[in-house]
Amino acid sequence: MQSVLRQFVVNGDDGAEPGEVLKLPGSAFAISEAARSGSLRRLWLDTFDWRLYRSGLTLEQISSRGSTDLTLTGRDGAILAADHGGNGPLKWPGGLDVLPLGPLRDQLGPVVGVRALLPVARAVSSVRESRVLNSDDKTIARITVDRMAVTYPAAGSAPPRVAVTALRGYQPQALRMVEQLAAVPGVGDGSASGLEVALAAVGRRPGDYSGKINVRLTPRMPASAAMAMVLTALLDTLEANVNGTVRDIDTEFLHDLRIAVRRTRSALKLAGDALPDGVAGRFRPEFKWLGDLTTPTRDLDVYLLGFPDMAASLVAATAEELEPFHDYLRRSRVAERRVLVRGLRSARFARLSVQWREALTATAAARTRPSVARLAASRIARAHRRVLRDGNAITATSPPESLHELRKRCKELRYLLEFFGSLYDPGEQWRAVRELKALQDCLGEFQDTQVQHEELRTFADQMMAERAAPAATLLAMGEIAAGLITRQRQARNEFAGRFRDFASPASQDRIRTLIGIAAA
Amino acid sequence: MKTFATYNIKGGVGKTATAVNLSYLAAHEGYRTLLWDLDPQGAASFLFRIRPRVKGGGKALIRGKRPMDDAIKATDFDNLDLLPADFTYRNLDLVLDAAKKPSRRLGSLLAPLSTEYDVIFLDCPPGISLLSESVLHAADMLLVPLIPTTLSVRTLDQLTEFIGSFDGSRPAILAFFSMIDRRKRLHREIAEQLPVERDDVAAAAIPALSLIERMSVERAPVTAMAPRSAAARRYGELWQEARELSKLPDPPAADI
């Protein structure tokens, strides 16, 4: 019923009573001594890539006196859904299945997806509530002073936060009081959320991780320094995802790690010559090793993530008949993950990580020609020409390999547009990428279904060899194989149209305009 | 939503003290509670330190020109709101007289509040009027304070007979002895005897205690300012009886 009217922070507070800190000299209002007090343990949850924060949502778990509440709030602080912890304390990190069925899980589902929710901040709040009294000694508002000691991701203490809640029927009086309070020296605006305040107390801010390449290049920057910036950002992303991959918090850590590796490899291939002599050649085999290390687990992840849809698509067979295949995939993943984790904990990986950063730091300091704008324009133009050349050569009778090659060329063009994206107008860049993305999706579907089809045969052979494949399961797998072929044919049929759109004169002009602007 | 009204034709029998204390107890148990101070003297509003004033007066409320929501004020206690008194309430009979179905008007004004409140208390002015008739129709239960005298028992019978003449739903009646002076033999005898003989008289009774009179000095319910006192315990017993008799469901779980 009562919502917070205004929030403040009090600077220079030394743990005194709110009534001592918040004095309203000459006012008709008085602030009482704390009437109620208590302490709360607060925990904020989000996905590693801040999906909730980016959607304007905050998920907070508050524990006090043996009870635990989980509350989802929107941008304006309004409560959207809550769970009162009837199922006991929840264990984090965890996927959505940690939460009981209900409105909270329903609201989080589309935002969180396959990612796990993990603690992003923890704090202990000491809360004191005082009353604001008018000249009749009637309470017109409540003031809570929240002193937060942050315990994670680092230790720190936040300045006291003061929240004023008007009592029903007393909003005008409470607003007058709030205006007076805002004018008190040392009292400042406190509209930041609890999570923002907690993170600010330890020098962090929400949303400080994204899988996107977040660098700000300037056109006249030396190409070597620009490439060092891009590659350092990729290394940061790669390293940020190692812990989550090793702990197997969710599948997307490995996915983001792989993308960072793939982008690094493409950058070395397409613009490695902008780095000092020998650097690209020295590290390319190492990143190939790292990429190969991650492939088997990711392939199994893709299968397992798609499993529910796959089982639901069966017409002749039943989902139960597919269960031995499901078991087989899970067992294989456990084995493959062991290899992956060993690799990520190896001296070879540690060396790669350290030496690569050293090489990039040295490169960033070097002053070389040409400018990044010239490098970007020439490499994007070349990659664009290659996509057009290879795409135009594809006919109805072309073998699958030629589509696979075209997919690689498309990826290279896409990566270049992303590496150098900050040089261009964001709207122009988005339009240039849009048609490329549509083409990539089609080629991706074509190749993924083919790879999955081939893998399915390998899995079937291995299951037979291990005597882990009942006939009914093999038949169900056969049905899935047939479904994959149908999807692949569909993608093949869509290709010509998608490529026509990409190769249209208007689309070609967009790419030329984009890089032309930057090179000027 | 259950509506309780404290009613007696006589004044000064403890209606307001009962409404104030029982509404506090209901709110304290977790019921979302509203107390409407219908008495133009505004004693209940005074006890909660709320100014007895409603913008547009009683006329605007009864005619529906001003939403009830706008006039409601929070008390200092969780879950307890008050619709303040206004001096214009002294003319409510005239306003009601001009309304359609005057005896049902209060009930229809309260109906939309059922999503917001679990319990409503109506603190009525003394006397028999169109307003009190409308209150009797709107209430699920009448809480009737009685001074332990033979005459007051007669008044209860008259009230019961009057309500018996209503068409449709009738409020339950729970009379209880109020302001019992233990030093008076007649008070003691009637207060002990009648609850045994009649099932519309509560076993709980409120003695005349100076602490109850102090409410007007402290400006708070005795159940809040001295929850362990004998006075608070008696009100507690009365509330339990009223709650059970009215079949009020358990309070809702704490709100988020």
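This is a predicted model: local features need pLDDT of at least 70, side-chain atom pairs count only at pLDDT 80 or more; totals for chains, interfaces and linings use all residues.
Q: Which residue lies 110 positions from B:Ala111 in sequence but 8.9 Å from it in space?

A: That residue is B:Met1, with the 8.9 Å taken from C-alpha to C-alpha.

Q: How is the pairing of strands to be read, and in what order do the strands of the open sheet in chain B run?

A: Strands of a sheet pair through backbone hydrogen bonds, in either the parallel or the antiparallel sense. In chain B, eight strands form an open sheet of mixed pairing, and their order is β3-β4-β2-β5-β1-β6-β7-β8. The edges are formed by β3 (73–74) and β8 (206–207) of chain B, each of which pairs on one side only. Within this order, β2 of chain B (residues 33–37) and β5(B) are joined in the parallel sense over five bridges, and B:Trp36 stands opposite B:Leu122 of β5(B).

Q: In which sense do β5(A) and β6(A) pair, parallel or antiparallel?

A: β5(A) and β6(A) are antiparallel and share four bridges; A:Thr71, for instance, has A:Ala82 in β6(A) as its bridge partner. The two strands make a hairpin with five residues between them, where A:Gly77 adopts a positive phi near 85°.

Q: Which elements of chain A give two or more residues to the side that touches chain B?

A: The size of an interface is often given as the accessible area lost when the parts come together, but here the reading rests on residue contacts. Twelve residues of chain A are in contact with eight residues of chain B, and the elements that supply two or more residues to the chain A side are β5 (67–73) and β6 (79–83) of chain A. By class, that side of chain A holds four nonpolar, three polar and five charged residues.

Q: How do the two domains of chain A relate to one another, and what are their bounds?

A: The domain assignment places domain 1 at 4–200 and domain 2 at 223–519 of chain A, and their C-alpha centres are 42 Å apart. Seven residues of domain 1 of chain A are in contact with seven of domain 2, and the domain 1 side of this contact comprises five nonpolar residues, one polar and one charged.

Q: What span does helix α13 of chain A reach, and which of its residues are buried?

A: α13(A), residues 372–392, has 21 residues and reaches 30 Å from first C-alpha to last, close to the 30 Å expected at 1.5 Å a residue. Its buried residues include A:Val372, A:Leu375, A:Arg379, A:Ile380, A:His384 and A:Val387.

Q: What do the totals for each chain say?

A: Chain A has 17 helices and eleven strands, its C-alpha atoms fill a box of roughly 90 × 65 × 50 Å along the principal axes, and 33% of its 520 residues count as buried. Chain B has 13 helices and eight strands; its radius of gyration of 17 Å is close to the 18 Å that the globule rule gives for 256 residues, so chain B is as compact as a globular protein of that length. The C-alpha trace of chain B spans about 50 × 45 × 35 Å along its principal axes, and 47% of its residues are buried. Among contacts in chain B between residues at least 6 apart in sequence, those joining residues at least 24 apart make up 77%.

Technical notes:
Residues are numbered from 1 along each chain as its sequence is written. Chains are lettered from A and ligands numbered from 1 in the order in which they are written. Two residues are in contact if their C-beta atoms, placed from the backbone, lie within 7 Å. Ala, Val, Leu, Ile, Met, Phe, Trp, Tyr, Cys and Pro count as nonpolar, Asp, Glu, Lys and Arg as charged, and the others, Gly among them, as polar. The expected span of a helix is 1.5 Å times one less than its number of residues. A residue is buried if 20 or more other C-beta atoms lie within 10 Å of its own, exposed if 12 or fewer, and partly exposed in between; C-beta atoms are placed from the backbone. Two strands pair if DSSP finds at least two bridges between them. Domain bounds come from an automatic or database domain assignment. The radius of gyration is taken over C-alpha atoms; the globule rule is 2.2 Å times the number of residues to the power 0.38.
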